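Could you take me on a walk through this structure, one selection at a time? I have it open in a viewer and would like to know what to click next.

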Amino acid sequence: MKEVGLEHLDDLALGSVFLATGGGGDPHVPKLIAQEAIKKYGPVRIIHPDTLADDAYVVPVGSVGAPTVSLELLPSIDDAARTLEAFENHTGRKIDAVASFEIGGGNSLIPLVAAAGRNIPVIDGDGMGRALPEAQMMSYAIAGVKPTPAIAYDYAGNTASFDVTTTQVYERHIRAYSMAAGGMVTVAEHPMTGAQLKQSVITGTLGFSIELGKTLRENRGQADTLLKPLQSVFKNSIYGECRMIFTGKVIDKSTRIIGGYDIGEATIETFSGKGDNLTVNIKNEYLLAKLGDSVMVSVPDLITIVDFETGTPINAERLRYGQRVCVFATPCPKFYRTQAALKVVAPRCFGFNFDYIPLD
Amino acid sequence: MRIGIDVGGTHTDAVILDGDTIISATKALTSADVVSGITAALDNLLKDGGVSQDKIETVMIGTTQFTNAIVQRREISPVAAIRIGLPSGRGMPPMVDWPEDIKTAMGDHVYMIHGGYLYDGYPVADINKDEIDELIKDLIKKNINNIAIASAFSPMNAEPEKMVRDQIKKAIPDANITLSYNFGRLGLMERENAAILNTALLPFANKVVSSFLKALSNRGLNCPAYISQNDGTLMSADFVRAYPALTFASGPTNSLRGAYKLTGLQDAIVVDIGGTTSDIGVLQGGFPRESNVIIEVGGVRTNFRMPDIMAVGLGGGSLVLKEGRTVGPQSVGHKLVTKGMIFGGSTLTATDIVAASGEISIGDSNKVKSIPKTTIQTATKTMHNILDQNIEMMKPGGKDMPVILVGGGAVLVTQGLKAASTLHRPENAGVANAIGAAIAQIGAEAERMVSYRDTPRADAITMVTNAATDRAAKAGANVQSIKSVDIEEIAIPYMDEGATRLRVKVIGDLDLRGTS
């Protein structure tokens, strides 16, 4: 895949919701922004990480904040490009390419808006292979890339620069800043060289998300007929084998906003009402799926809930009582099964009292 | 006694109810001018029922006129869409994701100005007086009277919307203005879309409501008239002149409410089998269960709540293929009466299977003699399986539930349904919508921001419930009958623990004393 044009955006948005495992926010507004940006500036070139020069300067860009805020505080078409501009002014370095924080949800589209506005390419890959709630969970950070210099840009064009020691500290600071700046900011952070990117990026996820979205669109319909096409698209990917673990209806869902996160759980019962219920724990994303008392799937493996009738993936904030759903599980990319990654993304990092149980 | 009327796209149905008893029911064609269709229905109704006008205490009308207008892009007036939210949202104007044809029908008059609020109550930007003056000048120059206004976080703070409305009203006294906060809920673009659609219908709403009232007064019905809204409660007919969009979902809602009235079953599955689809909905406590997915009306995303309806591709006109192993989703639809075998056509349909099985007698049974017995058996099984499976999926919590069958295709069910605890086929199911309209109640809502630290939760709920009860009583509800049906508590993010948006919805029976 050489470039992303208008014709790819619907598929990218759809695929990104599947990979977002319930989080990442509704990509509808980011998709509209990307549409307007590509209409104005033209399609965006895609670079595979392997073909990038080792001394190239790459900067990941995306939004940080509470997804519910972006329902009211709409982004602007030039926010992302101006964030890069501010970054270049602050560091005195020219950016050669942008990368994505996470392929899951709206942040799969923001780098395209930035790249279109600055006429630079975007990397085919991201820093999570899914969506995860905190910056230190990004593969860039796990591989040792420093979080700063970083620039945050708010709805009114105010900027803040950051110079901190670790990504954990950076995460606390950027959250606090985001809340002070209306609840949602555009950020350029974790700058790195081409050589560093090759060590830390989850490769190929931008192109894959478009393929996945195309599969979901072409096979729209009852979710149990989706498994075969899904398995064949996942077969040639960095992910493991996609499987269907449950179908039923949501009989309970409760979340509360605690410290800027949607935290809670959903209970799904089989259509016949027989057998154990499936419980899904939520912290922005679907993190655990338990059948009765036994854990079936745990973070960082992917849990995706789709609408039973259409196969459309459902974000955690849209999951509701009475909805008829189908639950898919997919092993995460190998990078996230390494010791270094599990140190920051295993179930214990989210306050659950047990270890990661990998899907085989 | 009361009259319920359902003004649909093709048919106008009407019923007279005396308490719970159906006195008479009728079906007429909807006329282009609406008036003569209603007048014809009323004539039949009053004559058949032998009821004189002065016995009628109130008339309730349900209508899909406004939904159809949006879907068919007709009767749409030019609208100015004003969004207060700059500097956020630059390059993302109102209607940016609308289908071109409807955007064009409204003239694509879009304005963005500074202002609005953030989640924490801090202003997005100061209001700029010059911007508002410019905007008003342009409205006057373009001679635009229908105006929709939306601002960021207006469900929390609607001041900017009200302020801009007041300024416009000063300059253009006859302007028709919709403020987005009246359509509740967070989601600026969806709320703004609802306000714009509503505004585009205002002139048409005026015309339709006047037609309704004229048709009633033509027949000497000078009692109060109400129109049913999305949640099955009533608004006064005059209120609809300002809020026609609140009727968008009233069709399916009235159908479900009618099924409830016809059977008395508060918790049940309702299956409305038509020519092409079976629409399955759920009654909970006598009201439709609502869906929470984003609802598109005519290709426009809105924040309306609609009944949770699952449309399954099985109806009287469904094609029967593969010796009966497949029935639907393809259908001959309304051409059943020419294409179906029982009517002399050559297409094997679901209706032909039922006719051939001898369970019902329609048409000429000789015409379906050639259908093999095994095909009849297989197809019958297939149809029942489709319904059983889909009903199972709609049932809340896998509980045993009765099933109510309505619609012309209900004859397809010949063997009973495994998914149903009991099966009901009410008489008069053909006018379920009109009955649903006739039994609609008065609803009212109240909402406050409360802190459970300062006001204990129980006291806060009582306070807000009382406010809603007052409103319902003022709107015409019998005070004794008012009860709360929904309490929604939304913790306000990032604020003190305990800060909550509390919304209470109450309903009550229409107070008929003193209105006859």
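Here is a tour in several stops, with something to select at each one. Keep in mind that this is a predicted model.

**Stop 1: where the chains meet**

**Stop 2: a sheet in chain B**

Stay with chain B and show it as a cartoon. Four of its strands make an open sheet with parallel pairing, in the order 6-5-7-8. Which strands are at the edges? They are strand 6 and strand 8 (176–179) of chain B, each of which pairs on one side only. On average, neighbouring strands of the sheet are turned by 20 degrees against each other, if direction is ignored.

Now select strand 7 (residues 146–151) of chain B together with strand 8 of chain B. The two run parallel and are joined by four bridges. To see a pair of bridge partners, pick Ile149(B) and then Leu179(B) in strand 8 of chain B. As background, the strands of a sheet pair through backbone hydrogen bonds, in either a parallel or an antiparallel way.

**Stop 3: helices on that sheet**

**Stop 4: two crossing helices**

From helix 4 of chain B come Ile132(B), Ile136(B) and Ile140(B), and from helix 5 of chain B come Val164(B), Gln167(B), Ile168(B) and Ala171(B). Sorted by class, this contact has six nonpolar residues, one polar residue and no charged ones.

**Stop 5: covered strands in chain A**

Move to chain A and select strand 5 (122–126). Is this strand enclosed or open to the outside? All five of the five residues of strand 5 of chain A are buried, so the strand is largely enclosed by the rest of the structure. Strand 2 (residues 44–47) of chain A pairs with strand 5 of chain A in the parallel sense over two bridges, and strand 4 (residues 97–100) of chain A also pairs with strand 5 of chain A in the parallel sense over two bridges. Click on Val122(A): it is the bridge partner of Ile46(A) and also of Val98(A).

Then go to strand 16 (residues 302–307) of chain A, where five of the six residues are buried. Strand 16 of chain A pairs with strand 17 (residues 324–330) of chain A in the antiparallel sense, over six bridges. Ile305(A) stands opposite Val327(A) in strand 17 of chain A.

**Stop 6**

Most residues other than glycine have a negative phi, and most peptide bonds are trans. Here are some exceptions to visit.

- Asn119(A) is not a glycine, yet its phi is positive, at about 55 degrees. Asn119(A) sits in the loop between helix 4 (110–118) and strand 5 (122–126) of chain A, and it is exposed, with 11 other C-beta atoms within 10 Å.
- Asp108(B) has a positive phi near 55 degrees. Asp108(B) is in the loop between helix 3 (100–105) and strand 6 (109–114) of chain B, and it is partly exposed, with 17 other C-beta atoms within 10 Å.
- The peptide bond from Thr148(A) to Pro149(A) is cis, with omega near 10 degrees. Look for Pro149(A) in the loop between helix 5 (139–142) and strand 6 (150–153) of chain A.
- The peptide bond from Gly328(B) to Pro329(B) is cis as well, with omega near 0 degrees. Pro329(B) is in strand 18 (residues 326–331) of chain B.

Technical notes. Residues are numbered from 1 along each chain as its sequence is written. Chains are lettered from A and ligands numbered from 1 in the order in which they are written. This is a predicted model: local features need pLDDT of at least 70, side-chain atom pairs count only at pLDDT 80 or more; totals for chains, interfaces and linings use all residues. Two residues are in contact if their C-beta atoms, placed from the backbone, lie within 7 Å. Ala, Val, Leu, Ile, Met, Phe, Trp, Tyr, Cys and Pro count as nonpolar, Asp, Glu, Lys and Arg as charged, and the others, Gly among them, as polar. A residue is buried if 20 or more other C-beta atoms lie within 10 Å of its own, exposed if 12 or fewer, and partly exposed in between; C-beta atoms are placed from the backbone. Two strands pair if DSSP finds at least two bridges between them. Axes are lines fitted to C-alpha atoms, for helices over the stretch in contact, and angles run from 0 to 180 degrees between N-to-C directions.
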